[in-house]
Number of protein chains: 2
Amino acid sequence: MVCFSLYSAANAMQQAYRPLLEDLGLTYPQYLVLCTIWTARNPLTVKGIGQQVHLDSSTLTPLLKRLEASGLVIRTRDPEDERQVRITLTEAGHALRDRTAHIPACMLEKTGLDIDTLVQLQTQISALAARLRNPTDTAPAKPPRAANI
Amino acid sequence: MVCFSLYSAANAMQQAYRPLLEDLGLTYPQYLVLCTIWTARNPLTVKGIGQQVHLDSSTLTPLLKRLEASGLVIRTRDPEDERQVRITLTEAGHALRDRTAHIPACMLEKTGLDIDTLVQLQTQISALAARLRNPTDTAPAKPPRAANI
DNA sequence: CCGATTTAAATCGTTCGCGATATATTGGCA
DNA sequence: TGCCAATATATCGCGAACGATTTAAATCGG
């Protein structure tokens, strides 16, 4: 089934990233979060990052703390709204971006596919993910167990 | 990039499985391993399972111990070769298979796609995964554009 | 102005996934 | 036979993911 392919390909993808990222002391999720921060105009909140990468605070808070411990970002409470935490890059965090410049090309080569094919594949996979995330169920065939009480 | 789609779709896929599997007390990787065991003719070894699902003993041993603790499988050293561990189903393990019969159809519906599209997508994703898993690729039918160095 | 609700992060416990390493069994070879 | 490499599993530590819960701040209704 597609599910196993997806699961397995995602694992293989992280394995392929590992040698490229370990020199930088990053994991793939950390790299992903940093990419999000790098391309943002203003300092993001934890929630803001989460909306882009589809992760929530219980995953992101520890990850961001590790990035902070590595000296790449700083976490500060937003003075406007003390519930929020703003993530800003340190000098090292900014500088690291340059050291990742080669990564997309490296990964592209590892896939052995051309860009058009990959873009098309990405479109389909993203659409599938959106479907799975969204219970747009036209007919939920779930037994109505414990509907009340 | 495709990588993020893949990563995110795999997470979403596991989320979609969760409500279906939690009634059975299973996680997706556990379900995947059980599917492998269910369809095997003879009792598999840990390595045999690992080759099918692309996981190794450091992941599978704890997982199989949890399945054993749940009373679904039994782990026994192969008397022919005491290095190996044979995984056999208990009665409960066999019986559980029937309770998973609806799952593929449920997941199919959640994708909102037709089978042909999914099969085609699966083929592409599997090919991509195979490529990513294989670092020393001599690029079959690919132009040798900076393959080495 | 105040209590109730909503919202944002953080925390906790469990399960993966895997690199590195340990342990034990087997097989080969002198 | 005895030693050594190869093989199979297990163990350990770390970093995700996520459900469930907690804490604290903001907002809303009266």
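**Figure 1. The surface near DNA strand D draws on helices from chains A and B.** In this predicted model, five helices each supply at least two residues here: α2 (28-39) and α4 (57-69) of chain A, together with α1 (2-22), α3 (46-53) and α4 (57-69) of chain B. Look to α4(A) for the biggest contribution, as this helix gives the most to the surface, with four residues. In total, 24 residues surround DNA strand D. The closest are A:S58, B:T45, B:K47, B:S58 and B:T61. Sorted by class, the surface near DNA strand D holds eleven polar, eight charged and five nonpolar residues.

**Figure 2. The surface near DNA strand C also takes helices from both chains.** Here α1 (2-22), α3 and α4 of chain A are joined by α2 (28-39) and α4 of chain B, each supplying at least two residues. The largest share comes from α4(B), with four residues. DNA strand C has 24 residues around it, and those that come nearest are A:T45, A:K47, A:S58, A:T61 and B:S58. As for the classes, the surface near DNA strand C divides into eight charged, five nonpolar and eleven polar residues.

**Figure 3. Chains A and B can be laid on one another by a turn of 180°.** The superposition of chain B on chain A gives an RMSD of 0.0 Å, and the shift along the axis is 0.0 Å. A two-fold axis is therefore the relation between the copies. The same surface serves both copies, with 91% of the contact residues of chain B recurring in chain A.

**Figure 4. The contact between the chains takes 35 residues from chain B and 32 residues from chain A.** On the side of chain B that touches chain A, the elements giving two or more residues are α1, α6 (103-111) and α7 (115-133) of chain B. Follow α1(B) in this view, for this helix gives the most to that side, with 13 residues. Which classes make up the side of chain B that touches chain A? The residues there are 21 nonpolar, nine polar and five charged.

**Figure 5. A:H54 has a positive phi although it is not a glycine.** The angle is about 60°. You will find A:H54 in the loop between α3 (46-53) and α4 of chain A. Is A:H54 buried, exposed or partly exposed? With 17 other C-beta atoms within 10 Å, A:H54 is partly exposed, because a residue needs 20 or more such neighbours to count as buried and 12 or fewer to count as exposed.

**Figure 6. In chain B, the residue B:H54 likewise has a positive phi without being a glycine.** Phi of B:H54 is near 60°, and the residue sits in the loop between α3 and α4 of chain B. B:H54 has 16 other C-beta atoms within 10 Å, so this residue is partly exposed.

**Figure 7. Chain A is built from seven helices and three strands.** Of the 149 residues of chain A, 24% count as buried. Among contacts in chain A with a separation of 6 or more, 36% are between residues 24 or more positions apart.

Definitions and conventions: Residues numbered from 1 in each chain as written. Chains lettered and ligands numbered in written order. Predicted model: local features only at pLDDT ≥ 70, side-chain atom pairs only at ≥ 80, totals over all residues. Contact = placed C-beta atoms within 7 Å. Near = placed C-beta within 6 Å. Nonpolar A, V, L, I, M, F, W, Y, C, P; charged D, E, K, R; others polar. Least-squares fit on C-alpha atoms with pLDDT ≥ 70 in both.
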